[in-house]
Amino acid sequence: MVPPTRDCDILILGAGGAGLFAALHAHKAAPHLSITVAVKGLLGKCGCTRMVQGGYNVALAKEDSVERHFMDTIEGGKWLPDQELAWQLVTLAVERIHELENELGCFFDRNPDGTVHQKAFAGQTFDRTVHKGDLTGIEIINRLAEQVWARRIERLEEHRAVELVKTPGGDAIAGVLFIDMRTGEYLFVRAKTVLLATGGGPTMYRYHTPSGDKTCDGLAMALRAGLALRDMEMVQFHPTGLLAGTHTRMTGTVLEEGLRGAGGFLLGGNKERFMPAYDPKAERATRDLVSRAMFTEMRKGNTTPHGGLYISMSHLGPQRVRREFKGMVERCADCGFDLAGGLVEVVPTAHYMMGGVEFAGDCTTALRGLFTAGEDSGGVHGANRLGGNGVANSTVFGAVAGDHMAAFVRHEKLRQPDTRAIEAAIARCERPFGAPRGDMEALRERLYDTMWQRVGILRDARGLTQALHELAALGAELERTGIQDTTRPFNLTWHDWLNLQSLIDVSRVIAQAALARQESRGAHYREDFPNTGALDASAYTSIRADGAVTMKPVAFTRVRPGQSLLKHAA
Ligand SMILES: Cc1cc2nc3c(=O)[nH]c(=O)nc-3n(C[C@H](O)[C@H](O)[C@H](O)COP(=O)(O)OP(=O)(O)OC[C@H]3O[C@@H](n4cnc5c(N)ncnc54)[C@H](O)[C@@H]3O)c2cc1C
């Protein structure tokens, strides 16, 4: 049975920076096209672009340059980024920030002389992060949403994409199957072209920062559609997630990096500093180093009552801390902690996936008609993402996708879908209604444990192999696990079941890719292979749903390891 169907020219999955920029650019390029933005949450209220605190990296200042931003991105990514994509990122970020300010109405913080204020972010050789206080994402997403609302762009809110459906011959995408979460009914949307911009999101780890609507659905759909994902072993952990117990969703949320930057100390359960023993830069070392040191201390048992560590700011003077970190002080107070004068429990928290769908500079993928942008895509950041390059990535490539999709549909017709694939996808989604009720919460806890302990900050072959067995068992168990509540509208247990399915599928490719990379690089640390291999022979992982990993050489199209694009360094 094929569910109700509607048609459009351009279908965009996701309403973050990537999805909304794509919609606006496609509409600008071809206002007569029918464009639909479909999103799991409410437009303007979901996803991680809204959560961006720190800001947006862009080379604006006279003393800065796109070459310098590029070199920071390549060196930060440990020579794994696709250099052409990274070049597009740094050059087009300049255009996008002007568009955000001058066409879309964002107000960013300014210097007394009227120039845009740019602050320091770790891992960069220049202060280039544009921001609006520490609520940059709200400014960006509110303005983007207003502009989308003001145009003839269709919205399907609280519509969850569940399958990318191809033509019967499998040569192109025909459309996307959705569940309308408000009614629980299925809907098939045919489109000449589809953008995958559901924003990844490593929420399979016990502690994580992304919004709850992000459960790797896009990546799981891409795998089922036969696409290859790259760099999936590269999961970035932020060192200071708030640890406030299991009773609150605040656990895992980020306490900003500026706390360590300003001179904050990390303490063990014994209330003593440990970072100086790990790195000369101590608490100011990079995210990956600090997260590893913290995890090592936690493994030794040097932990706080909730099993984490402490951050201490009081030696800087409580008044100064209250003044400079007002938002953070309030966030901690909400959970009963005194950041200015006392100790706050923290834990490293899964923040960002550098990996994603392999794609080209025009945002096309290997499946005709399917484009991708933002955190669902892989290759821009390599082994590590610079803070501030995430929102730049989603806005830059969202705009590229919008421009190219508008041009692409000019010569395209709507395609007929493979109806058997639609039926199979519906049968998959219906499975929990037909199975005996089980304990999904226990399954989620096991997933959290497996990913946190064995596929997290420190990895080795034994742990990863064990994790793969555990994930296979979890996947099989989920298939046999049913849900009690069979009503359809807003059945959140059903959606949790689907969330878990996506997370388990994507966890498996993270573990496979991590097992295949027998070295330590950037965010990926193997205790059994602690050294980084030869940079000249850098290769990225490419994996499909069958779990087979291919190592593909990185093309050094602009600069080779040991070289620089900066004139003074050449
Ligand atoms: C707390 C936090 C702070 C951050 N701070 C910064 C920062 O300071 N600077 C920076 O550069 N980056 C930062 N990032 C990263 C940044 O937010 C992301 O890189 C970027 O916003 C991702 O944009 P996106 O459009 O790809 O995805 P998102 O903005 O996450 O949007 C994804 C969209 O897809 C939708 N979706 C998901 N699944 C489905 C589905 N099945 N069907 C339909 N829709 C779906 C979601 O509802 C959402 O609308 C931060 C991230 C977090 C979590």
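The report below takes up the basis of the model, then the ligand shell, the cysteines and a glutamate.

## Basis of the model

This is a predicted model, in which local features need pLDDT of at least 70 and side-chain atom pairs count only at pLDDT 80 or more, while totals for chains, interfaces and linings use all residues. Residues are numbered from 1 along each chain as its sequence is written, and side-chain values use heavy atoms, with hydrogens and water left out.

## The ligand and its shell

Polar contacts to the ligand (pairs of N or O atoms within 3.5 Å) involve both backbone and side-chain atoms: a backbone N or O atom of Gly54 lies 2.9 Å from a ligand oxygen, and a polar side-chain atom of Arg385 is 3.3 Å from a ligand nitrogen. Of the 1,000 Å² of accessible area that the ligand has on its own, the protein covers 98%, as computed by the Shrake-Rupley method with a 1.4 Å probe.

## Cysteines

With a disulfide taken as a pair of cysteine sulfur atoms within 2.5 Å, the count comes to zero. For Cys48, the nearest cysteine sulfur, that of Cys46, is 9.7 Å away; for Cys363, the nearest, that of Cys8, is 18 Å away. Cys363 is buried at 0% relative accessibility, buried meaning under 20% relative accessible area (1.4 Å probe, protein chains only).

## Glu233

Glu233 sits in the loop between strand S10 (229-230) and strand S11 (235-242) and is buried, with a relative accessible area of 0%. Leaving aside neighbours within four places in sequence, Glu233 is in contact (heavy atoms within 4.5 Å) with residues including Arg459, Ile510, Arg517 and His524. Glu233 and Arg517 are 284 residues apart in sequence, yet their C-alpha atoms are 7.9 Å apart in space. The side chains of Glu233 and Thr541 are joined by a polar contact of 2.7 Å; within protein, such a pair needs one atom able to donate a hydrogen and the other able to accept it, and residues adjacent in sequence count only if both atoms are side-chain atoms.

Note on methods:
Helices (H or I, at least four residues) and strands (E, at least two) are DSSP runs, numbered from the N terminus. Buried means under 20% relative accessible area, exposed over 50%, partly exposed in between (1.4 Å probe, protein chains only).
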